[in-house]
Amino acid sequence: MTAIGIDYGTSNSEVVYFDGTAHQHIKLDPLDKKSNKIRSSVFIYFEDELPPPPDVMVEAKVAQLQRVISEQIDKAKDGYYSAKDPKEQAMYSDRIDSLRGDLHNKPALQRKAIAQLMHAMSLDEIPLLRLVEHGKFAFGEEGFRRFLKMPDKGRLIYSPKNFLGASLDGDQKQAFIGIIAKQLAYFKQCAEQQLGKAVNNAVIGRPVKFHGTRGEEGNIQAIQIMTEAATKAGFSGVNFLDEPIAAAYKIEQTLPKDTTTLIVDIGGGTTDICCIKLSPERSNQLDRKDDVLSVTGRRLGGMDCDKSLVLKGIAPEMGMGLKMINGLPVPPTYFSDMCAVDNIPALTRFFSDDYGLDISQTMSVIKEPAQLERLLIVQENKLSARVVNSARLAKELLSSKQNITLPLHYIEDDFDVEISQDSLKKALKPWLDKVKALVVECLENSSEKPEVVMITGGMSLSPIVVDALYENLLTGLPRLENDAFNSVCEGLAIQAAKHA
(Lines give C-alpha, C1' and ligand atoms only; values in the text may rest on other atoms or scores of the structure.)
Protein backbone atom coordinates (compact mmCIF):
# COMPACT_ATOMS: atom_id res chain seq x y z
CA MET A 1 0.00 0.00 0.00
CA THR A 2 1.09 3.55 -0.74
CA ALA A 3 0.62 6.20 1.98
CA ILE A 4 1.09 9.96 1.88
CA GLY A 5 1.40 12.69 4.48
CA ILE A 6 -1.16 15.49 4.28
CA ASP A 7 -0.60 18.80 6.06
CA TYR A 8 -4.15 20.17 5.90
CA GLY A 9 -3.54 23.71 7.02
CA THR A 10 -5.51 26.79 7.91
CA SER A 11 -3.94 28.92 5.18
CA ASN A 12 -2.17 26.37 2.95
CA SER A 13 -2.08 22.62 2.47
CA GLU A 14 0.67 20.26 1.34
CA VAL A 15 1.12 16.60 0.36
CA VAL A 16 4.38 14.63 0.60
CA TYR A 17 5.34 11.03 -0.17
CA PHE A 18 8.31 9.37 1.57
CA ASP A 19 9.78 6.17 0.11
CA GLY A 20 12.03 5.46 3.08
CA THR A 21 14.92 7.44 1.67
CA ALA A 22 13.72 10.64 0.03
CA HIS A 23 10.72 12.94 0.12
CA GLN A 24 8.65 13.71 -2.98
CA HIS A 25 6.50 16.84 -2.79
CA ILE A 26 3.26 16.58 -4.74
CA LYS A 27 2.45 19.57 -6.94
CA LEU A 28 -1.10 20.66 -6.09
CA ASP A 29 -1.62 24.03 -7.74
CA PRO A 30 -0.96 24.36 -11.49
CA LEU A 31 -1.20 28.16 -11.20
CA ASP A 32 1.55 28.31 -8.57
CA LYS A 33 4.41 26.32 -10.08
CA LYS A 34 7.02 27.69 -7.66
CA SER A 35 5.33 26.21 -4.60
CA ASN A 36 4.42 22.75 -3.36
CA LYS A 37 1.56 24.21 -1.37
CA ILE A 38 -2.00 25.17 -2.25
CA ARG A 39 -4.37 27.64 -0.62
CA SER A 40 -6.72 25.81 1.72
CA SER A 41 -9.59 28.11 0.77
CA VAL A 42 -12.37 26.76 -1.44
CA PHE A 43 -14.65 28.68 -3.81
CA ILE A 44 -18.03 27.06 -4.42
CA TYR A 45 -19.81 28.72 -7.30
CA PHE A 46 -22.55 28.57 -9.93
CA GLU A 47 -21.79 29.57 -13.50
CA ASP A 48 -25.44 29.94 -14.47
CA GLU A 49 -28.59 29.57 -12.38
CA LEU A 50 -28.70 28.86 -8.67
CA PRO A 51 -29.72 25.35 -7.62
CA PRO A 52 -33.46 24.64 -7.24
CA PRO A 53 -34.82 25.15 -3.74
CA PRO A 54 -35.03 22.08 -1.50
CA ASP A 55 -38.24 20.04 -1.43
CA VAL A 56 -39.22 21.23 2.04
CA MET A 57 -39.19 24.87 0.85
CA VAL A 58 -41.17 23.98 -2.27
CA GLU A 59 -43.83 22.14 -0.25
CA ALA A 60 -44.12 25.03 2.18
CA LYS A 61 -44.57 27.44 -0.74
CA VAL A 62 -47.16 25.13 -2.35
CA ALA A 63 -49.11 25.08 0.92
CA GLN A 64 -49.00 28.89 1.00
CA LEU A 65 -50.29 29.09 -2.58
CA GLN A 66 -53.07 26.62 -1.73
CA ARG A 67 -54.14 28.77 1.22
CA VAL A 68 -54.38 31.79 -1.07
CA ILE A 69 -56.46 29.81 -3.59
CA SER A 70 -58.74 28.53 -0.80
CA GLU A 71 -59.34 32.12 0.31
CA GLN A 72 -60.18 33.06 -3.28
CA ILE A 73 -62.64 30.14 -3.49
CA ASP A 74 -64.35 31.30 -0.29
CA LYS A 75 -64.70 34.83 -1.70
CA ALA A 76 -66.10 33.43 -4.96
CA LYS A 77 -68.65 31.38 -2.98
CA ASP A 78 -69.72 34.50 -1.09
CA GLY A 79 -70.18 36.25 -4.44
CA TYR A 80 -72.20 33.31 -5.80
CA TYR A 81 -74.61 33.25 -2.88
CA SER A 82 -75.10 37.02 -2.84
CA ALA A 83 -75.61 37.28 -6.61
CA LYS A 84 -79.22 37.60 -7.78
CA ASP A 85 -78.60 37.48 -11.51
CA PRO A 86 -78.29 33.88 -12.88
CA LYS A 87 -75.60 35.08 -15.32
CA GLU A 88 -73.59 36.54 -12.44
CA GLN A 89 -74.04 33.26 -10.50
CA ALA A 90 -72.78 31.31 -13.51
CA MET A 91 -69.72 33.57 -13.66
CA TYR A 92 -68.91 32.88 -10.00
CA SER A 93 -69.58 29.14 -10.50
CA ASP A 94 -67.07 29.01 -13.37
CA ARG A 95 -64.61 30.94 -11.21
CA ILE A 96 -65.01 28.42 -8.36
CA ASP A 97 -64.50 25.45 -10.71
CA SER A 98 -61.37 27.03 -12.17
CA LEU A 99 -59.91 27.76 -8.73
CA ARG A 100 -60.66 24.23 -7.54
CA GLY A 101 -58.78 22.94 -10.59
CA ASP A 102 -55.81 25.14 -9.65
CA LEU A 103 -56.01 23.99 -6.02
CA HIS A 104 -55.64 20.32 -6.96
CA ASN A 105 -53.15 20.75 -9.83
CA LYS A 106 -50.08 19.86 -7.73
CA PRO A 107 -47.52 19.83 -10.59
CA ALA A 108 -48.54 23.33 -11.69
CA LEU A 109 -48.42 24.59 -8.11
CA GLN A 110 -44.93 23.12 -7.64
CA ARG A 111 -43.67 24.79 -10.83
CA LYS A 112 -45.12 28.12 -9.69
CA ALA A 113 -43.64 27.68 -6.21
CA ILE A 114 -40.17 26.94 -7.60
CA ALA A 115 -40.35 29.94 -9.96
CA GLN A 116 -41.30 32.30 -7.13
CA LEU A 117 -38.64 30.92 -4.79
CA MET A 118 -35.93 31.15 -7.45
CA HIS A 119 -36.90 34.74 -8.23
CA ALA A 120 -36.62 35.76 -4.59
CA MET A 121 -33.58 33.66 -3.73
CA SER A 122 -30.09 35.08 -3.34
CA LEU A 123 -26.86 33.14 -2.96
CA ASP A 124 -26.50 34.15 0.69
CA GLU A 125 -29.85 32.54 1.50
CA ILE A 126 -28.83 29.11 0.20
CA PRO A 127 -27.75 26.76 3.03
CA LEU A 128 -24.10 25.71 2.87
CA LEU A 129 -24.99 22.03 2.43
CA ARG A 130 -27.10 22.92 -0.61
CA LEU A 131 -24.15 24.80 -2.09
CA VAL A 132 -21.85 21.84 -1.51
CA GLU A 133 -24.29 19.40 -3.09
CA HIS A 134 -25.00 21.46 -6.23
CA GLY A 135 -22.13 23.90 -6.69
CA LYS A 136 -18.88 23.63 -8.58
CA PHE A 137 -15.56 23.64 -6.69
CA ALA A 138 -12.42 25.61 -7.46
CA PHE A 139 -9.27 25.15 -5.36
CA GLY A 140 -6.11 27.16 -4.79
CA GLU A 141 -5.27 30.17 -6.92
CA GLU A 142 -7.97 29.28 -9.45
CA GLY A 143 -10.61 29.43 -6.72
CA PHE A 144 -9.31 32.69 -5.26
CA ARG A 145 -9.13 34.32 -8.68
CA ARG A 146 -12.66 33.20 -9.50
CA PHE A 147 -13.80 34.66 -6.19
CA LEU A 148 -12.15 38.01 -7.00
CA LYS A 149 -13.84 38.10 -10.42
CA MET A 150 -17.33 37.00 -9.38
CA PRO A 151 -17.94 37.09 -5.60
CA ASP A 152 -21.71 37.23 -6.21
CA LYS A 153 -21.63 33.92 -8.09
CA GLY A 154 -20.35 31.81 -5.21
CA ARG A 155 -19.10 31.58 -1.66
CA LEU A 156 -15.49 31.52 -0.54
CA ILE A 157 -14.74 29.27 2.44
CA TYR A 158 -11.53 31.02 3.48
CA SER A 159 -10.36 28.33 5.89
CA PRO A 160 -12.45 25.14 6.22
CA LYS A 161 -10.10 23.82 8.93
CA ASN A 162 -11.10 26.64 11.28
CA PHE A 163 -14.67 25.31 11.43
CA LEU A 164 -13.92 21.68 12.27
CA GLY A 165 -14.12 22.04 16.04
CA ALA A 166 -16.80 24.74 16.06
CA SER A 167 -20.47 24.35 17.03
CA LEU A 168 -22.09 22.89 13.91
CA ASP A 169 -25.55 21.44 13.34
CA GLY A 170 -26.08 18.23 11.38
CA ASP A 171 -26.33 19.85 7.95
CA GLN A 172 -23.29 22.04 8.59
CA LYS A 173 -21.23 18.99 9.58
CA GLN A 174 -22.25 17.23 6.37
CA ALA A 175 -21.38 20.36 4.41
CA PHE A 176 -17.83 20.49 5.78
CA ILE A 177 -17.40 16.75 5.30
CA GLY A 178 -18.33 17.33 1.66
CA ILE A 179 -16.01 20.32 1.24
CA ILE A 180 -12.99 18.59 2.76
CA ALA A 181 -13.72 15.33 0.93
CA LYS A 182 -13.53 17.25 -2.36
CA GLN A 183 -10.17 18.72 -1.34
CA LEU A 184 -8.72 15.42 -0.13
CA ALA A 185 -9.94 13.62 -3.26
CA TYR A 186 -8.15 16.26 -5.34
CA PHE A 187 -4.95 15.80 -3.29
CA LYS A 188 -5.23 12.02 -3.74
CA GLN A 189 -5.71 12.38 -7.49
CA CYS A 190 -2.65 14.64 -7.81
CA ALA A 191 -0.53 12.20 -5.79
CA GLU A 192 -1.62 9.19 -7.84
CA GLN A 193 -0.93 10.96 -11.13
CA GLN A 194 2.55 12.07 -10.06
CA LEU A 195 3.55 8.86 -8.26
CA GLY A 196 2.12 6.61 -10.96
CA LYS A 197 0.35 4.30 -8.49
CA ALA A 198 -2.73 4.08 -6.32
CA VAL A 199 -2.64 5.89 -2.98
CA ASN A 200 -4.61 4.11 -0.26
CA ASN A 201 -3.58 5.55 3.09
CA ALA A 202 -2.81 8.94 4.57
CA VAL A 203 -1.43 10.39 7.77
CA ILE A 204 -3.04 13.77 8.31
CA GLY A 205 -1.61 16.41 10.61
CA ARG A 206 -3.77 17.73 13.41
CA PRO A 207 -3.36 20.59 15.86
CA VAL A 208 -3.26 19.74 19.54
CA LYS A 209 -6.57 21.61 19.89
CA PHE A 210 -8.90 22.27 16.98
CA HIS A 211 -11.03 24.85 18.78
CA GLY A 212 -10.42 27.26 21.60
CA THR A 213 -13.74 26.99 23.44
CA ARG A 214 -15.15 23.49 22.94
CA GLY A 215 -12.24 21.51 24.34
CA GLU A 216 -12.19 17.76 23.78
CA GLU A 217 -15.71 17.81 22.31
CA GLY A 218 -14.46 20.05 19.51
CA ASN A 219 -11.39 17.84 18.97
CA ILE A 220 -13.54 14.70 18.68
CA GLN A 221 -15.88 16.37 16.20
CA ALA A 222 -12.97 17.64 14.08
CA ILE A 223 -11.36 14.20 13.86
CA GLN A 224 -14.75 12.68 13.02
CA ILE A 225 -15.28 15.16 10.17
CA MET A 226 -11.77 14.63 8.81
CA THR A 227 -12.10 10.83 9.04
CA GLU A 228 -15.43 10.76 7.22
CA ALA A 229 -14.11 13.18 4.60
CA ALA A 230 -11.01 11.02 4.00
CA THR A 231 -13.17 7.92 3.60
CA LYS A 232 -15.48 9.76 1.21
CA ALA A 233 -12.40 10.90 -0.73
CA GLY A 234 -11.38 7.27 -1.31
CA PHE A 235 -8.75 6.61 1.39
CA SER A 236 -9.06 3.14 2.90
CA GLY A 237 -6.95 4.07 5.92
CA VAL A 238 -6.35 7.37 7.71
CA ASN A 239 -4.31 8.18 10.80
CA PHE A 240 -3.65 11.45 12.59
CA LEU A 241 -0.49 12.88 14.13
CA ASP A 242 0.00 16.04 16.19
CA GLU A 243 1.68 18.60 13.94
CA PRO A 244 4.56 19.52 16.28
CA ILE A 245 5.38 15.81 16.73
CA ALA A 246 5.41 15.41 12.94
CA ALA A 247 7.89 18.29 12.70
CA ALA A 248 9.99 16.56 15.37
CA TYR A 249 10.13 13.34 13.32
CA LYS A 250 11.53 15.31 10.38
CA ILE A 251 14.27 17.04 12.39
CA GLU A 252 15.08 13.77 14.19
CA GLN A 253 16.73 12.44 11.04
CA THR A 254 19.42 15.14 11.30
CA LEU A 255 20.36 14.59 14.96
CA PRO A 256 23.59 12.72 15.79
CA LYS A 257 22.42 11.55 19.22
CA ASP A 258 19.48 11.41 21.64
CA THR A 259 18.28 14.98 22.18
CA THR A 260 15.44 16.46 24.20
CA THR A 261 13.89 19.00 21.83
CA LEU A 262 11.32 21.77 22.18
CA ILE A 263 9.20 22.10 19.02
CA VAL A 264 7.32 25.38 18.54
CA ASP A 265 5.01 25.13 15.51
CA ILE A 266 3.24 28.40 14.69
CA GLY A 267 0.96 27.90 11.72
CA GLY A 268 -1.84 29.80 10.07
CA GLY A 269 -4.54 28.75 12.53
CA THR A 270 -2.93 27.24 15.62
CA THR A 271 0.18 27.31 17.75
CA ASP A 272 1.26 23.84 18.89
CA ILE A 273 4.22 23.08 21.13
CA CYS A 274 5.77 19.86 22.34
CA CYS A 275 8.82 18.77 24.29
CA ILE A 276 9.97 15.40 22.99
CA LYS A 277 12.93 13.03 23.32
CA LEU A 278 14.28 12.43 19.83
CA SER A 279 16.52 9.52 18.96
CA PRO A 280 17.97 8.41 15.61
CA GLU A 281 17.83 4.82 16.92
CA ARG A 282 14.06 4.97 17.60
CA SER A 283 13.12 6.89 14.47
CA ASN A 284 11.64 3.80 12.77
CA GLN A 285 9.31 2.95 15.65
CA LEU A 286 5.62 3.53 14.96
CA ASP A 287 4.54 4.31 18.54
CA ARG A 288 6.54 7.06 20.21
CA LYS A 289 4.10 8.09 22.96
CA ASP A 290 6.66 7.48 25.72
CA ASP A 291 9.04 9.97 24.10
CA VAL A 292 6.55 12.84 24.27
CA LEU A 293 7.24 14.72 27.51
CA SER A 294 4.73 17.53 27.10
CA VAL A 295 2.41 18.85 24.43
CA THR A 296 0.06 21.82 24.33
CA GLY A 297 -1.65 24.00 21.78
CA ARG A 298 -4.21 26.66 21.11
CA ARG A 299 -6.18 28.11 18.24
CA LEU A 300 -3.76 30.97 17.84
CA GLY A 301 -2.08 31.37 14.48
CA GLY A 302 -1.07 33.57 11.61
CA MET A 303 -4.65 34.37 10.62
CA ASP A 304 -5.14 36.06 14.01
CA CYS A 305 -2.12 38.23 13.16
CA ASP A 306 -3.59 39.08 9.76
CA LYS A 307 -6.87 40.22 11.32
CA SER A 308 -5.04 42.15 14.04
CA LEU A 309 -3.00 43.96 11.40
CA VAL A 310 -6.20 44.85 9.54
CA LEU A 311 -7.64 46.38 12.72
CA LYS A 312 -4.45 48.17 13.75
CA GLY A 313 -3.00 49.17 10.38
CA ILE A 314 -5.79 49.34 7.79
CA ALA A 315 -9.12 49.90 9.58
CA PRO A 316 -8.12 53.37 10.94
CA GLU A 317 -7.97 54.49 7.29
CA MET A 318 -11.48 53.08 6.77
CA GLY A 319 -13.22 54.97 9.56
CA MET A 320 -12.31 53.03 12.68
CA GLY A 321 -11.93 55.45 15.59
CA LEU A 322 -13.95 58.27 14.03
CA LYS A 323 -16.51 59.95 16.26
CA MET A 324 -20.19 60.41 15.47
CA ILE A 325 -22.06 63.66 16.15
CA ASN A 326 -23.17 62.32 19.54
CA GLY A 327 -19.53 61.86 20.55
CA LEU A 328 -19.58 58.06 20.42
CA PRO A 329 -17.10 56.20 18.19
CA VAL A 330 -18.09 54.46 14.99
CA PRO A 331 -19.04 50.92 16.17
CA PRO A 332 -15.79 48.92 16.28
CA THR A 333 -17.81 45.77 15.54
CA TYR A 334 -18.07 47.01 11.95
CA PHE A 335 -14.40 46.23 11.51
CA SER A 336 -14.16 43.01 13.51
CA ASP A 337 -17.13 41.68 11.50
CA MET A 338 -15.38 42.75 8.29
CA CYS A 339 -12.42 40.55 9.29
CA ALA A 340 -14.54 37.51 10.22
CA VAL A 341 -13.51 35.44 7.21
CA ASP A 342 -13.47 32.27 9.36
CA ASN A 343 -16.93 32.89 10.83
CA ILE A 344 -19.69 32.23 8.27
CA PRO A 345 -22.62 33.60 10.34
CA ALA A 346 -20.74 36.82 11.19
CA LEU A 347 -19.58 37.34 7.60
CA THR A 348 -23.07 36.62 6.22
CA ARG A 349 -24.45 39.22 8.61
CA PHE A 350 -21.79 41.73 7.54
CA PHE A 351 -22.67 41.25 3.86
CA SER A 352 -26.44 41.68 4.44
CA ASP A 353 -28.41 44.66 3.08
CA ASP A 354 -29.38 45.68 6.61
CA TYR A 355 -25.70 45.91 7.62
CA GLY A 356 -24.94 48.09 4.60
CA LEU A 357 -27.86 50.33 5.49
CA ASP A 358 -26.54 50.65 9.04
CA ILE A 359 -23.11 51.73 7.78
CA SER A 360 -24.75 54.22 5.40
CA GLN A 361 -26.77 55.73 8.24
CA THR A 362 -23.62 56.05 10.35
CA MET A 363 -21.91 57.86 7.45
CA SER A 364 -24.60 60.54 7.69
CA VAL A 365 -23.71 61.37 11.31
CA ILE A 366 -19.91 61.71 11.07
CA LYS A 367 -17.88 64.67 9.85
CA GLU A 368 -15.56 62.64 7.58
CA PRO A 369 -17.74 60.07 5.78
CA ALA A 370 -15.20 59.47 2.98
CA GLN A 371 -13.13 57.11 5.12
CA LEU A 372 -16.15 55.09 6.24
CA GLU A 373 -17.29 54.88 2.64
CA ARG A 374 -14.28 52.59 2.06
CA LEU A 375 -15.78 50.18 4.59
CA LEU A 376 -19.12 50.37 2.76
CA ILE A 377 -17.37 49.48 -0.51
CA VAL A 378 -15.83 46.41 1.17
CA GLN A 379 -19.28 45.47 2.53
CA GLU A 380 -21.16 45.97 -0.75
CA ASN A 381 -18.58 44.20 -2.92
CA LYS A 382 -17.81 41.39 -0.44
CA LEU A 383 -14.12 42.21 -0.26
CA SER A 384 -13.41 40.97 3.29
CA ALA A 385 -11.29 38.02 2.21
CA ARG A 386 -9.29 40.26 -0.09
CA VAL A 387 -8.60 42.75 2.72
CA VAL A 388 -7.41 39.99 5.09
CA ASN A 389 -5.28 38.55 2.30
CA SER A 390 -3.70 41.98 1.76
CA ALA A 391 -2.83 42.09 5.46
CA ARG A 392 -1.20 38.66 5.14
CA LEU A 393 0.95 39.90 2.26
CA ALA A 394 1.90 43.01 4.26
CA LYS A 395 2.90 40.85 7.23
CA GLU A 396 5.13 38.71 5.03
CA LEU A 397 6.80 41.74 3.41
CA LEU A 398 7.47 43.30 6.80
CA SER A 399 9.49 40.24 7.78
CA SER A 400 12.32 41.69 5.69
CA LYS A 401 11.44 45.39 5.32
CA GLN A 402 11.10 48.24 7.81
CA ASN A 403 8.28 50.00 5.93
CA ILE A 404 5.93 49.15 3.08
CA THR A 405 3.21 50.87 1.07
CA LEU A 406 0.22 48.54 0.81
CA PRO A 407 -1.93 49.23 -2.30
CA LEU A 408 -5.67 48.77 -1.74
CA HIS A 409 -6.78 50.06 -5.12
CA TYR A 410 -9.54 47.45 -5.36
CA ILE A 411 -11.31 49.47 -2.65
CA GLU A 412 -10.58 52.96 -3.97
CA ASP A 413 -8.30 54.38 -6.64
CA ASP A 414 -5.00 55.57 -5.14
CA PHE A 415 -5.89 54.15 -1.72
CA ASP A 416 -2.51 53.23 -0.21
CA VAL A 417 -1.72 52.46 3.43
CA GLU A 418 1.71 52.96 4.95
CA ILE A 419 2.61 50.21 7.43
CA SER A 420 5.87 49.96 9.39
CA GLN A 421 7.53 47.06 11.15
CA ASP A 422 6.96 48.93 14.43
CA SER A 423 3.21 49.05 13.77
CA LEU A 424 3.30 45.32 13.01
CA LYS A 425 5.06 44.70 16.34
CA LYS A 426 2.34 46.60 18.17
CA ALA A 427 -0.35 44.66 16.33
CA LEU A 428 1.30 41.33 17.19
CA LYS A 429 2.11 42.00 20.85
CA PRO A 430 -1.14 40.67 22.42
CA TRP A 431 -0.90 37.60 20.20
CA LEU A 432 2.79 37.04 21.01
CA ASP A 433 2.10 37.25 24.75
CA LYS A 434 -0.34 34.35 24.36
CA VAL A 435 2.18 32.35 22.31
CA LYS A 436 4.85 32.84 24.97
CA ALA A 437 2.40 31.72 27.66
CA LEU A 438 1.92 28.46 25.73
CA VAL A 439 5.69 27.92 25.60
CA VAL A 440 5.89 28.45 29.35
CA GLU A 441 3.04 25.98 29.90
CA CYS A 442 4.76 23.30 27.81
CA LEU A 443 8.09 23.78 29.59
CA GLU A 444 6.47 23.62 33.03
CA ASN A 445 4.65 20.38 32.16
CA SER A 446 7.79 18.65 30.86
CA SER A 447 9.78 16.42 33.19
CA GLU A 448 12.98 17.31 31.32
CA LYS A 449 14.42 20.59 30.11
CA PRO A 450 15.00 20.86 26.36
CA GLU A 451 18.54 20.88 25.01
CA VAL A 452 17.61 22.53 21.69
CA VAL A 453 14.63 24.33 20.18
CA MET A 454 13.06 24.14 16.75
CA ILE A 455 10.72 26.95 15.68
CA THR A 456 8.70 26.03 12.59
CA GLY A 457 5.55 27.01 10.72
CA GLY A 458 4.98 30.05 8.54
CA MET A 459 5.13 32.54 11.42
CA SER A 460 8.60 31.30 12.39
CA LEU A 461 9.95 33.25 9.41
CA SER A 462 9.11 36.52 11.15
CA PRO A 463 12.10 37.96 13.06
CA ILE A 464 9.58 39.70 15.32
CA VAL A 465 8.26 36.31 16.46
CA VAL A 466 11.66 34.68 16.90
CA ASP A 467 13.09 37.65 18.80
CA ALA A 468 10.09 37.73 21.12
CA LEU A 469 10.45 34.01 21.94
CA TYR A 470 14.16 34.26 22.68
CA GLU A 471 13.76 37.35 24.82
CA ASN A 472 13.79 36.11 28.45
CA LEU A 473 12.27 32.76 27.44
CA LEU A 474 14.41 30.58 25.17
CA THR A 475 17.67 32.40 25.89
CA GLY A 476 20.69 30.13 25.52
CA LEU A 477 18.88 27.29 23.73
CA PRO A 478 20.51 26.40 20.39
CA ARG A 479 18.05 26.75 17.52
CA LEU A 480 17.76 23.93 15.01
CA GLU A 481 17.53 25.16 11.44
CA ASN A 482 14.59 23.70 9.52
CA ASP A 483 12.31 24.21 6.57
CA ALA A 484 9.54 26.26 8.15
CA PHE A 485 7.01 25.44 5.46
CA ASN A 486 7.71 21.76 4.86
CA SER A 487 8.90 20.20 8.14
CA VAL A 488 5.45 19.18 9.34
CA CYS A 489 4.36 17.52 6.11
CA GLU A 490 7.69 15.76 5.61
CA GLY A 491 7.35 14.39 9.15
CA LEU A 492 3.82 13.23 8.36
CA ALA A 493 5.16 11.46 5.28
CA ILE A 494 7.78 9.70 7.41
CA GLN A 495 5.02 8.46 9.71
CA ALA A 496 2.87 7.49 6.69
CA ALA A 497 5.66 5.28 5.36
CA LYS A 498 5.53 3.32 8.64
CA HIS A 499 1.81 2.63 8.06
CA ALA A 500 2.25 1.57 4.44
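Which residue does the side chain of Lys257 meet in a salt bridge? I looked this up in a predicted model. The partner is Glu451, and the N to O distance is 3.9 Å.

I then turned to Lys307 and Asp342, whose closest N and O atoms are 3.1 Å apart in a salt bridge. Lys307 belongs to helix H9 and Asp342 to the loop between helices H10 and H11, 35 residues apart. Both residues are buried.

Within helix H14 (residues 384-397), I found Arg392 and Glu396 four residues apart, about one turn of the helix. Their side chains form a salt bridge of 2.9 Å, N to O. Arg392 is buried because its relative accessible area, 17%, is under 20%. Glu396 is partly exposed at 41%. The total I noted is 22 salt bridges.

**Entry 1: strands.** I examined strand E11 (residues 271-278), where seven of eight residues are buried. E11 pairs with E10 in the antiparallel sense over eight bridges, and a hairpin of four residues joins the two strands. With strand E12 (residues 292-298), E11 forms six bridges, again antiparallel.

**Entry 2: surface charge.** I located a patch of negative charge made by Asp413, Asp414, Asp416 and Glu418. Asp413 sits in the loop between strands E13 and E14. Its relative accessibility is 65%, so Asp413 counts as exposed.

Definitions and conventions:
Residues numbered from 1 in each chain as written. Predicted model: local features only at pLDDT ≥ 70, side-chain atom pairs only at ≥ 80, totals over all residues. Heavy atoms only, no water. Buried < 20%, exposed > 50% of the residue type's maximum accessible area, 1.4 Å probe, protein only. Pairing = 2+ DSSP bridges. Patch = residues over 30% accessible without salt bridge, like charges linked within 9 Å, V, L, I, M, F, W, Y side chains within 5 Å. Areas by Shrake-Rupley, 256 points an atom, 1.4 Å probe, with all protein chains shown as cover. Salt bridge = Lys/Arg side-chain N within 4 Å of Asp/Glu carboxyl O. Lys, Arg positive; Asp, Glu negative; His and termini not counted. Charge placed at Lys NZ, Arg CZ, Asp CG, Glu CD.
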